[in-house]
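Hi,

Here's the structure I said I'd pass on.

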Amino acid sequence: MDWLTKILKGSGHKISEGQYHGRYGEDRIWEEPSTPVDVSTDFDHDDLAVAIARSLEDYPEEDQKGKKVVDTESQLEEDEQLARALQESLNMDSPPRHDAGNIFQPFPSFFSPGYRICAGCNREIGHGRYLSCMGAVWHPECFRCHACGLPIFEHEFSMSGSHPYHKSCYKEQNHPRCDVCRNFIPTNAAGLIEYRAHPFWMQKYCPSHEHDGTPRCCSCERMEARDTRYLSLDDGRKLCLECLDSAIMETLECQPLYLEIQEFYEGLNMKVEQQVPLLLVERQALNEAMEGEKNGHHHLPETRGLCLSEEQTVSTILRRPTIGTGYRIIDMMTEPYRLVRRCEVTAILILYGLPRLLTGSILAHEMMHAWLRLKGYPNLSQDVEEGICQVLAYMWLDSEIYSSAGTDVASASSSSSSPSSSSTTSKKGARSQFEKKLGEFFKHQIETDTSPAYGDGFRAGNQAVQKYGLKSTLDHIRLTGSFPY
């Protein structure tokens, strides 16, 4: 199954960063354009114009009684020089960038400030320092992080929407964390955030976990998080605790499910007349049985079910194993079972330790193999036989999910109409929310399989069944060995 790869530049959102004067440490995660914060004093352009105008006013001349008369042209030139010097002194830029210790370097205040309202407290900004950013002016203590509520005194800040954040607070809220190790997903060599995501569960994880031995659940394919424990089966497989809740561990435990699927086939007018033994086996026994088959059958790389035609002895699980220390399966008890050929099918084998819905879908698939052989269908091509078997597995899953949804509606109706009565449940028992989601995942697996036989074969078979119906499709397969188009 293809895994999704996500590459994000910076935060993955349109983030603009405010920047006080002064340089912050390099951070390749946040690469969006920065917005300057103007740290201003009480001067504004109107104040400066008034100061210059006043400096250019003529001095009053002294009277002629023994007093020196000031030369007007000379005085005007001196006044102009004074005004020019004053203007240059007031055109000072913000505090030096190299001084990261104090971003509010005050200027001398000679004139009354203009009327300014702080965007934080809505009060007038009087004498002293203020910030000009985000299209407004602020008291320094009123410019606060939207996450933690504390003032932002650092030289840079992040924005989300119209709210400012400390860079650390923004990262905590928005930088993706790995669902496996729980750490922030690191940036790659290009400074971009890159992670993998399961196409169904959308479990995000660092790319390194695909190669560091992090185990996956053999049923749902989710990776084992660092703060959880998966059950270790004796054949090396791992099983998450959610899948363990409905896992079938022994042959006797699987028989009620076998009867349900037989009833499902009868409902389709496809009753399997012969009594075919169903055995739950370990992986090694399944592989050995597959090697013992003379006529070629088609199987996935990880075989989880098998329809046998030959006589052989198979080791089946007799008693449900227990969980020992270290979350490992112990006390596995098996017994040999001799298969006798009384018809075209000698047994159906299913891998133990899988959830009920996955076990059932595998069983529905293998029962279709049995039905085709018992009904005398000719040797079919791989894509046709595996494709139609996957169609039946998919149909059974769909019926289980639909019946579960109906049970929920019936239970809710019963509870609302008669509060004192107990909720009704189907004979299969109540479904957990996870089990319902798991059923959707198994359907998703069948739908998105990329293999020619199981994937393309299913899609061609499902399209034919949707268009012509199951019976007509099977009749066409019997006559031509192919799907109708």
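Aromatic pairs first: this predicted model has eleven of them. Take tyrosine 165 and tyrosine 170: their ring centres sit 5.9 Å apart and their planes meet at 75°, so this pair is edge-to-face. The cut-off for that label is an angle over 60 degrees. Are these two tyrosines buried or exposed? Tyrosine 165 has a relative accessible area of 7%, so it counts as buried, and tyrosine 170 is buried too, at 0%.

Phenylalanine 200 and tryptophan 201 also make an edge-to-face pair, with 5.0 Å from centre to centre and 85° between the planes. Both phenylalanine 200 and tryptophan 201 are buried. If you follow the ring pairs from there, you get a cluster made of Phe200, Trp201, Phe434, Phe441 and Phe442.

Now for the helices. In general, you describe two packed helices by the angle and the distance between their axes. Helix H5 (residues 251-267) packs against helix H7 (residues 356-374) at about 50°, and the axes are 10 Å apart. That angle makes H5 and H7 oblique to each other, and the crossing is right-handed.

Which residues in H5 and H7 meet? On the H5 side, they are Cys254, Leu257, Tyr258, Glu260, Ile261, Gln262 and Tyr265. On the H7 side, look for Arg356, Thr359, Gly360, Leu363, Ala364, Met367 and Met368. Sorted by type, the residues of this contact come out as nine nonpolar, three polar and two charged.

Cheers

Conventions. Residues are numbered from 1 along each chain as its sequence is written. This is a predicted model: local features need pLDDT of at least 70, side-chain atom pairs count only at pLDDT 80 or more; totals for chains, interfaces and linings use all residues. Side-chain values use heavy atoms; hydrogens and water are left out. Axes are lines fitted to C-alpha atoms, for helices over the stretch in contact, and angles run from 0 to 180 degrees between N-to-C directions. Helices (H or I, at least four residues) and strands (E, at least two) are DSSP runs, numbered from the N terminus. Angles under 35 degrees count as roughly parallel, over 145 as roughly antiparallel, 65 to 115 as roughly perpendicular and the rest as oblique. A crossing is left-handed if the near helix is turned anticlockwise from the far one by less than a right angle, and right-handed if clockwise. Contact means heavy atoms within 4.5 Å. Ala, Val, Leu, Ile, Met, Phe, Trp, Tyr, Cys and Pro count as nonpolar, Asp, Glu, Lys and Arg as charged, and the others, Gly among them, as polar. Rings of Phe, Tyr and Trp (its six-membered ring) pair if their centres lie within 6.5 Å; planes under 30 degrees apart count as stacked, over 60 as edge-to-face and the rest as tilted. Buried means under 20% relative accessible area, exposed over 50%, partly exposed in between (1.4 Å probe, protein chains only).
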